[in-house]
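Could you take a look at this one with me?

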Amino acid sequence: MLIFVVYHVEIQLTAYISLFTLYFMSSFLSDGDFELFRKLIYNQSGIHFSDTNRAILESRLKEQLREKGLNEVRAYYDLVSKDKEELKLFLDSITTNLTRFFRNQAHFDALEKYVIPELIKIKKPLNDFKIKVWSAGCSTGEEPYTIAMLMKETLPSPWFAEIVASDISLKSLMVGKEGFYADARVVGVPDHYLKKYFTRVDGGYQIRDEIKQMIRFDYHNLMYDSGLRNMDVVFCRNVLIYFDEASQKATIERFWEAMAPKSFLFIGHSESLFGMNTKFEFVKTEWATFYRKYI
Ligand SMILES: C[S@@+](CC[C@H](N)C(=O)[O-])C[C@H]1O[C@@H](n2cnc3c(N)ncnc32)[C@H](O)[C@@H]1O
């Protein structure tokens with residue numbers, strides 16, 4: 001009897017808690033408001049918020065409302081719809097900026113052992129000693145800095161690399177520009193790179209100027225033409241996964257426009273151009289797979 005009562009109370013309690021959560025969740029962001037924000041985010045950034053990610057959007061929106069001192073989701077929607085700077089801050093708040101130095105080492109092995117020698121072979125007869133790289137969706141800079149260090153290590157004189165690192169997240173770009181990384185964030189950086197290209201400072205490591213100078217950090221939304229042309233290598237890793245198919249395809253077409261003939265495209269290892277009907281060719285090397293614009 002006692003077990004039955006306890007069980008009964010437990011079921012009722014669970015039901016009340018669910019109703020309570022549901023009430024507050026839905027009163028904060030109605031289905032209609034979720035659709036409004038979802039459309040706005042998609043149109044402005046290509047990022048697709050699925051129903052399963054609704055809770056993430058809700059929590060980011062709550063933070064924004066708290067920061068702005070607003071009570072109504074609609075008031076915040078009006079603000080970001082009218083004010084371009086507020087829209088940028090909002091988009092910044094919903095991005096996922098997870099990254100690390102030497103992320104997916106195989107890509108950097110392929111860059112060093114296959115891509116750089118190929119580019120040298122192509123460009124040498126033209127007396128063109130500059131290798132132009134674009135890190136698209138660079139987050140806090142670990143990816144472009146990894147590329148820069150590797151280029152510095154690998155390229156013989158008089159070759160040099162020029163890297164454009166772009167992102168939609170202003171906060172991340174500021175971290176990248178600063179070039180300071182706390183101890184925990186340099187895990188995975190080989191020791192000789194740490195010694196050669198970083199300066200030990202309080203609580204972490206500062207990227208040295210000779211590496212910083214190789215990179216230009218820029219705000220850029222991949223939904224638009226970057227204006228970049230003749231890039232020899234494009235890294236756009238772990239960005240396309242947040243886009244739906246139409247935005248992925250449009251982004252890949254813009255990369256095509258930005259890239260030089262015989263150039264290279266790296267995307268994340270869980271991403272693929274399969275079925276997208278692009279002009280890029282798939283390249284499989286002993287180190288990693290990537291794509292190439294042959295013409
Ligand atoms: C998960 S991080 C990947 C960082 C790095 N490429 C890597 O693989 O480690 C994804 C980055 O893409 C950026 N991003 C998302 N949508 C974007 C867009 N429409 N235009 C430019 N950057 C975007 C985010 O701000 C975020 O910094």
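The points below go through the domains, the ligand shell, the sheets and a helix pair.

1. First, the ground rules. This is a predicted model, where local features need pLDDT of at least 70, side-chain atom pairs count only at pLDDT 80 or more, and totals for chains, interfaces and linings use all residues. Residues are numbered from 1 along each chain as its sequence is written.

2. Start with the domains. The protein is assigned domain 1 (2-94) and domain 2 (105-293), with bounds that come from an automatic or database domain assignment. Their centres, taken over C-alpha atoms, are 34 Å apart. Seven residues from domain 1 and 12 residues from domain 2 make up the contact, where two residues are in contact if their C-beta atoms, placed from the backbone, lie within 7 Å. On the domain 1 side, helix H5 (residues 84-94) gives the largest share, three residues. Helices here are DSSP runs (H or I, at least four residues), as are strands (E, at least two), numbered from the N terminus. That side of domain 1 has two nonpolar, three polar and two charged residues.

3. Now the ligand. Which residues are the closest to the ligand? They are Thr 95, Thr 99, Gly 137, Ser 139 and Leu 222, out of 24 residues that surround the ligand. A residue is near a molecule or strand if its C-beta atom, placed from the backbone, lies within 6 Å of it. Each of domain 1 and domain 2 supplies at least three residues of the shell. By class, the shell has eight nonpolar, 12 polar and four charged residues. Ala, Val, Leu, Ile, Met, Phe, Trp, Tyr, Cys and Pro count as nonpolar, Asp, Glu, Lys and Arg as charged, and the others, Gly among them, as polar.

4. Next, the seven-stranded sheet. This open sheet runs E6-E2-E1-E7-E8-E10-E9 with mixed pairing, and two strands pair if DSSP finds at least two bridges between them. Strand E6 (215-219) and strand E9 (281-284) are the edge strands, each pairing on one side only. E9 is joined to strand E10 (residues 289-293) by four bridges, and the two run antiparallel. Within E10, Phe 290 is the residue opposite Val 283.

5. Helix H7 (residues 142-154) lies across strand E1 (130-136), strand E2 (160-167), E6 and strand E7 (231-236), at about 175 degrees to E2. Axes are lines fitted to C-alpha atoms, for helices over the stretch in contact, and angles run from 0 to 180 degrees between N-to-C directions.

6. There is also a three-stranded open sheet, ordered E3-E5-E4, with antiparallel pairing. Strand E3 (180-182) and strand E4 (198-201) each have a single partner strand, so one side of each is left without a neighbour in the sheet. E4 and E5 form a hairpin with two residues between them, and Gly 203 in the turn has a positive phi of about 80 degrees.

7. Last, a helix pair. The axes of helix H3 (residues 54-68) and helix H4 (residues 73-82) come within 10 Å and cross at roughly 80 degrees. H3 and H4 are therefore roughly perpendicular to each other (angles of 65 to 115 degrees count as such). Leu 61, Gln 64, Leu 65 and Lys 68 in H3 meet Val 73, Tyr 76 and Leu 79 in H4. That contact has five nonpolar, one polar and one charged residues.

Conventions:
Parallel < 35°, antiparallel > 145°, perpendicular 65-115°, else oblique.
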